Amino acid sequence: MSIDATHDSARRSSRRWAVALCCWIAFIWGHSLIQGPQSSLESGFVVALMRPLFEAVGMTDVDLMSFLVRKFAHFSEYAILGILAYGHYRARRNVTPTLGQAVAKRFVTIWPDVSVMLVPVVDECLQLFVPGRSGHPRDVLIDLAGLCTGALLARLVSRLRDRRLA
């Protein structure tokens with residue numbers, strides 16, 4: 001495969017990861033715009049499904065079950081975001097910058113990685129304007145923990161795969 005074909009393939013891969021990343025951010029923010037009562041119904045449905053498991057470990061407080069389900073949802077959706085962000089980072093790393101891009105390479109390389117960490121802040125701020133919802137700094141920390149966990153998991157899997165292929 002020629003260098004130009006490899007470069008074009010890397011650009012396409014980077015674009016696909018960027019689209020997936022943007023779609024997932026839109027999903028997260030769209031879900032934050034759901035009003036409180038409907039959001040409570042969603043988590044209540046999951047609590048009802050998980051209740052036998054909770055009770056099997058001795059947990060009977062429905063409010064605690066709901067809290068755990070909601071926080072795990074935060075963590076999980078941001079873990080997926082971390083996986084997508086790492087995939088995008090890795091794909092971008094394989095794109096050779098043109099001369100004009102090389103000048104701004106540090107900003108171009110760092111900005112998407114930093115900006116993805118602003119997603120949970122915007123997410124919690126959005127919730128401040130939705131009836132029945134509220135934004136909490138604790139949730140930003142849970143979201144960032146999920147984001148980092150997803151990115152680290154993706155990195156670990158990527159390294160293991162690279163070692164196996166080497």
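Five helices each supply at least two residues of the lining of the largest pocket: α1 (3–32), α2 (36–56), α3 (62–93), α6 (119–127) and α7 (137–165). Helices here are DSSP runs of H or I with at least four residues, numbered from the N terminus.

Before going on, this is a predicted model: local features need pLDDT of at least 70, side-chain atom pairs count only at pLDDT 80 or more, and totals for chains, interfaces and linings use all residues. Residues are numbered from 1 along each chain as its sequence is written, and side-chain values use heavy atoms, leaving out hydrogens and water.

Back to the pocket. The largest pocket holds about 660 Å³ of space. Its lining has 30 residues, and the closest to the centre are Val69, Arg70, Lys71, Ala73 and His74. A pocket, on a 1 Å grid over the protein atoms alone, is an open set of points where a 1.4 Å probe fits, with protein on both sides within 12 Å along at least five of seven lines; lining residues have an atom within 4 Å of a point. The volume is the space filled by probe spheres set on the points.

Which helix gives the most to this lining? That is α3, with 11 residues. By class, the lining has 12 nonpolar, 10 polar and 8 charged residues. Asp, Glu, Lys and Arg count as charged; Ala, Val, Leu, Ile, Met, Phe, Trp, Tyr, Cys and Pro as nonpolar; the others, Gly among them, as polar.

Now the packing. α3 and α6 have axes 12 Å apart and pack at an angle of about 140 degrees. Axes are lines fitted to C-alpha atoms over the stretch in contact, and angles run from 0 to 180 degrees between N-to-C directions. α3 and α6 are therefore oblique to each other, the class left once angles under 35 degrees (roughly parallel), over 145 (roughly antiparallel) and 65 to 115 (roughly perpendicular) are set aside. On the α3 side, His74, Glu77, Tyr78 and Leu81 make the contact; on the α6 side, Val119, Pro120, Asp123, Glu124 and Gln127 do. Contact means heavy atoms within 4.5 Å.

α6 also packs on α7, at about 145 degrees with axes 9 Å apart. Here Pro120, Val121, Asp123 and Glu124 of α6 meet Asp139, Val140, Asp143 and Leu144 of α7. That contact has 4 nonpolar, no polar and 4 charged residues.

Last, α3 and α7 cross at roughly 45 degrees, their axes coming within 6 Å. That makes α3 oblique to α7. Their contact includes 12 nonpolar, 6 polar and 8 charged residues.
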